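Keep the viewer open as you read.

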Number of protein chains: 2
Amino acid sequence: MPTATQKPYHHGDLREHLLLAGEQALLEMPIDDVSLREIARRAGVSHAAPKHHFASMADLLGEIAARGFQKFVNALGSAAEESKRQTAEDRLHAMGRAYLRFADENSAVYGLMFGQVVKMSMTPALTKSSYEAWSQLENAVAQVTGALRAPIAATHVWSSVHGLSMLKSARRLPPHVSLHAVEEDNLRMMIAGLKEA
Amino acid sequence: MPTATQKPYHHGDLREHLLLAGEQALLEMPIDDVSLREIARRAGVSHAAPKHHFASMADLLGEIAARGFQKFVNALGSAAEESKRQTAEDRLHAMGRAYLRFADENSAVYGLMFGQVVKMSMTPALTKSSYEAWSQLENAVAQVTGALRAPIAATHVWSSVHGLSMLKSARRLPPHVSLHAVEEDNLRMMIAGLKEA
DNA sequence: CTTTTTATATTTACACTGTAAAGATTAAAG
DNA sequence: CTTTAATCTTTACAGTGTAAATATAAAAAG
C-alpha cells in the first residue's frame, strides 16, 4: 500500500505533463500558436482534459509563469553567488547580465511573467516566487545604495533592465547599435545612476 | 467633378471609421475583447468589410500603432517645446514625464506600439513615425551627452522609461512605493546615469 | 472479491475568432 | 444608359476556450 507516492491513476500525472508540454511549446513555436488545445495535443490527451487540472488556460499559463519565476530566482542567485567576492556594484552588474540572459533565453515565459495575461494574484506560488525575485534584487541593490534608498533604487534597476529586455525582444532597438555593447553600457549607466543621492 | 477629394462611395470612408472605432475600442474595453469583428460592429458594417481596407487585423492594428507614434512624437515635441529655455537635463526630464504620461493614458495603443503583434516593417508609416520618435529622443539626449554617445545613451533612456511604463501597466511594481515618487526618482537616476563617461 | 464511489478523460456542443470566396449593391467611367 | 470597378454582405471554414454529458478506470467500502 504505497501511500507515500502521490502519482495516481491511468495517465501518469497529467498535470505535470501539461506544464512541461506548455513550456516546451513556448520554446518551440510562436506564442500565438500556443493554444490550450495545442498543449493538450502535445501531452497526447483530448482538448478538454486540462480542465480537471487547470480551471482555465490563464491558470495553466500562470503556473508556468510561477515556475519561470523560480528559475529566474535561481539564475539571479547563481550570478550573485559567483560574484560573491566582487564589489557590490560588480555583483549588481553580474546579476543584471544574468537577468538579460534569462529574458533572452526564455523570452516567451518571460513575456508571461511580466505580461498582461497572467495576473500576480492568480496563485500563491506566483505571488511568492515573484516576491522572492523582487527582494533578491532589492538586497543586491541595498548593498550599493543602502537599505533606505533600496526600494526606489531597485525599481530603477528593474525598469532599466526590463525595458531593455522588452525593447530587444520586440525588435524596437535601432539597427545600428551592437546589442552586446548596448547591454554592457546600459548596465553601467544604470549602476552609475544609482550612486546619485 | 470633384476629383481632388478622395472620399468615395456609399459608406463615407470606412477606412478612417475603422481606425477610429479601433482606437475607441482600445480605450474602452480590455484588449482581449478588441477583435476585428468587434471593430467592424462598432463601425456598423459586416465583419468582412474591413478586408477591403486592411489585409489583416495585424495590418489594421499596425496602422493604429503608426498613428499612436505620431501622437507620441507630438507629445514629446510639446514637452520639448515647453521646456525650451531650461537646461538640457531638465528638458530630458520633462520629455520623460511626457513619455510616461503618454504610455499611461494610451496604454493599449502603447502596448501595440511596442508589443509583438505589430511588426515595425509592416508599413512605411510605421517605420517612419517610429524612427521620428527615436531621433527626437536621441536629439534631446545629445544635448546632454554630446552627439557621440547619444545613440547608446538614448537606448538607456528609452529602456528605463519604457521599462517603468510596462512594469506599471502590468502591475509588477511593489505595492508599497508611491507611483508618482517612483517616476520622478527614476527619471532623476536615469539622467544621472547619463552623465557618466 | 464485489460493489460503490470518486477522479479522470473523452465526446459533444456552443459561442466566439480571423480569414477567404462568392454574391449583391452601388458608385464611377465610358 | 451601359459597363466596369470598387465596396459591402453573406456564407463558409478551420481554429479557439469553455462547459456539460458521457465513458472509463482506479480507489474505497462492504
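What follows goes from the overall build of one chain down to single residues.

## The overall build

First off, this is a predicted model. Chain A has eight helices and zero strands, and along the sequence its pattern reads α-α-α-α-α-α-α-α. Taken along the principal axes, the C-alpha atoms of chain A fill a box of roughly 60 × 45 × 25 Å.

How much of chain A is buried? Of the 197 residues in chain A, 50% are buried. As for how the chain folds back on itself, take the contacts in chain A with a separation of 6 or more: 63% of them come from residues 24 or more positions apart.

Where they touch, domain 1 of chain A puts in 15 residues and domain 2 of chain A puts in 10 residues.

Over in chain B, look at helix H1 (residues 14-28) and helix H3 (residues 57-82). How do their axes cross? The axes of H1(B) and H3(B) come within 10 Å and cross at roughly 75°. An angle from 65 to 115 degrees counts as roughly perpendicular, so H1(B) is roughly perpendicular to H3(B).

On the H1(B) side, the contact uses Arg15(B), Glu16(B), Leu18(B), Leu19(B), Leu20(B), Gly22(B), Glu23(B) and Leu26(B), and these meet Leu60(B), Glu63(B), Ile64(B) and Arg67(B) in H3(B). By class, that contact of H1(B) with H3(B) has six nonpolar, one polar and five charged residues.

Helix H2 (residues 36-43) of chain B joins in too. The buried residues of H2(B) are Glu38(B), Ile39(B), Ala40(B) and Ala43(B), and they pack against H1 and H3 of chain B. After H2(B) comes Gly44(B), with a positive phi near 75°.

## Aromatic pairs in chain A

Over all chains, the structure holds 20 aromatic pairs. One of them is Phe72(A) with Tyr99(A): the ring centres are 4.9 Å apart and the planes sit at 85°, so the pair is edge-to-face. Phe72(A) lies in helix H3 (residues 57-82) of chain A and Tyr99(A) in helix H4 (residues 88-105) of chain A, so the pair ties together parts that are 27 residues apart in sequence. Buried means under 20% relative accessible area; Phe72(A) has 0%, so Phe72(A) is buried, and Tyr99(A) at 3% counts as buried as well.

Another pair, Phe114(A) with Trp158(A), is tilted, at 5.9 Å centre to centre with 55° between the planes. Phe114(A) is in the loop between helix H5 (107-113) and helix H6 (124-145) of chain A, while Trp158(A) is in helix H7 (residues 150-169) of chain A, so this pair ties together parts 44 residues apart in sequence. Phe114(A) counts as buried at 6% relative accessibility, and Trp158(A) counts as buried at 3%.

Which residues form one aromatic cluster? They are Phe69(A), Phe72(A), Tyr99(A), Phe102(A), Tyr110(A), Phe114(A), Trp134(A) and Trp158(A).

## A serine where the chains touch

Now for Ser159(B), which sits in helix H7 of chain B. Is Ser159(B) buried or exposed? Ser159(B) is at 0% relative accessibility, so it counts as buried. Leaving out residues up to four places away in sequence, Ser159(B) touches Ser159(A), Ser160(A), Gly163(A), Leu164(A), Leu167(A) and Asn186(A).

## Arg171 in both chains

Arg171(A) has a phi near 55°, which is a positive value in a residue other than glycine. You'll find Arg171(A) in the loop between H7 and helix H8 (179-194) of chain A. With a relative accessible area of 70%, Arg171(A) is exposed.

Check the other chain as well: Arg171(B) has a positive phi of about 55° although it isn't a glycine. Arg171(B) is in the loop between helix H7 (150-169) and helix H8 (179-194) of chain B, and at 70% relative accessibility Arg171(B) counts as exposed.

How values were computed: Residues numbered from 1 in each chain as written. Chains lettered and ligands numbered in written order. Predicted model: local features only at pLDDT ≥ 70, side-chain atom pairs only at ≥ 80, totals over all residues. Heavy atoms only, no water. Axes fitted to C-alpha atoms, helices over the stretch in contact; angles between N-to-C directions. Helix = DSSP H or I, 4+ residues; strand = E, 2+ residues; numbered from the N terminus. Parallel < 35°, antiparallel > 145°, perpendicular 65-115°, else oblique. Contact = heavy atoms within 4.5 Å. Nonpolar A, V, L, I, M, F, W, Y, C, P; charged D, E, K, R; others polar. Phe/Tyr/Trp six-rings, centres within 6.5 Å; stacked < 30°, edge-to-face > 60°. Buried < 20%, exposed > 50% of the residue type's maximum accessible area, 1.4 Å probe, protein only.
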